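Hi everyone, thanks for coming. Let me put a model on the screen, and then we can walk through it together.

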Amino acid sequence: MQAKLAIIMRGLPGSGKSFWVNDYLKQLGIEQALHVKQHGYFSTDSYFEKQGKYQFNSKMLSQYHQANLTAFINAMANNEPLVICDNTNVAKWEYMAYEAAAKSLGYRVRVVLIGEPKDYKHQELCVERNSHQVPLSQIKRMAKLFELDD
């Protein structure tokens with residue numbers, strides 16, 4: 001039996017988290033990739049999608065983060081073999097609940113950091129690539145707060 005795996009993505013907006021996930025899923029084959037996208041892929045950003053348009057509302061952020069965590073936990077409770085949290089996870093506390101829940105439900109946890117958040121060239125690249133028009137000032141603020149593993 002395949003071990004259950006929880007992947008927790010970390011990185012600035014535009015760092016390539018979703019690109020990494022899509023690349024990883026392609027390697028699993030189309031059927032499994034589609035299954036994970038439908039039943040095991042969780043991103044708080046998806047809650048801000050309204051009629052195909054991204055509409056960020058800071059007042060809803062906390063509620064949407066909680067809804068995303070709940071959906072992630074529910075998928076694991078339903079024994080999805082692979083679950084992915086695709087959030088920025090700037091601070092460790094932001095993904096600790098995902099990690100703790102996964103471990104308590106018997107999942108192996110892999111935390112994947114994309115890019116070098118403290119590197120200015122990386123920050124500039126993130127501004128160019130991020131799909132939600134997050135400005136450099138916000139990226140820099142997030143980068144300053146980004147907690148790296150020691």
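When I say helix or strand, I mean DSSP runs numbered from the N terminus: helices are H or I with at least four residues, and strands are E with at least two. Counted that way, the protein chain has six helices and six strands. In sequence order the pattern reads β-α-α-β-β-β-α-β-α-β-α-α. The radius of gyration is 15 Å, close to the 15 Å from the globule rule for 150 residues, so the chain is as compact as a globular protein of that length. That radius is taken over C-alpha atoms, and the rule is 2.2 Å times the number of residues to the power 0.38.

A quick word on ground rules. This is a predicted model, where local features need pLDDT of at least 70 and side-chain atom pairs count only at pLDDT 80 or more, while totals for chains, interfaces and linings use all residues. Residues are numbered from 1 along each chain as its sequence is written, and side-chain values use heavy atoms, with hydrogens and water left out.

Back to the overall picture. The C-alpha trace spans about 45 × 40 × 30 Å along its principal axes. Of the 150 residues, 38% are buried, where buried is under 20% relative accessible area, exposed is over 50%, and partly exposed is in between, with a 1.4 Å probe and protein chains only. Taking contacts (heavy atoms within 4.5 Å) with a separation of 6 or more, 73% come from residues 24 or more positions apart.

My next stop is Asp-86, in strand S5 (residues 82–86). Asp-86 is buried yet has no salt bridge, and the nearest side chain of opposite charge, Lys-17, is 5.0 Å away. For charges, Lys and Arg count as positive and Asp and Glu as negative, with His and the chain ends not counted. What the Asp-86 side chain does have is a polar contact with the side chain of Ser-18, at 2.8 Å. By polar contact I mean a pair of N or O atoms within 3.5 Å; within protein, one must be able to donate a hydrogen and the other to accept it, and residues adjacent in sequence count only if both atoms are side-chain atoms.

Asn-68, in helix H3 (residues 61–77), counts as buried because its relative accessibility is 1%. Its side chain has a polar contact of 2.9 Å with that of Tyr-98. Beyond four places in sequence, Asn-68 touches residues including Phe-42 and Ser-43, and Asp-86 also has Phe-42 and Ser-43 among its contacts.

Finally, the backbone. Most residues other than glycine have a negative phi. Asn-79, in the loop between H3 and S5, has a positive phi near 60°. Asn-89, in the loop between S5 and H4, also has a positive value, near 45°, and is buried at 2% relative accessible area.

Conventions
A salt bridge is a side-chain nitrogen of Lys or Arg within 4 Å of a carboxyl oxygen of Asp or Glu.
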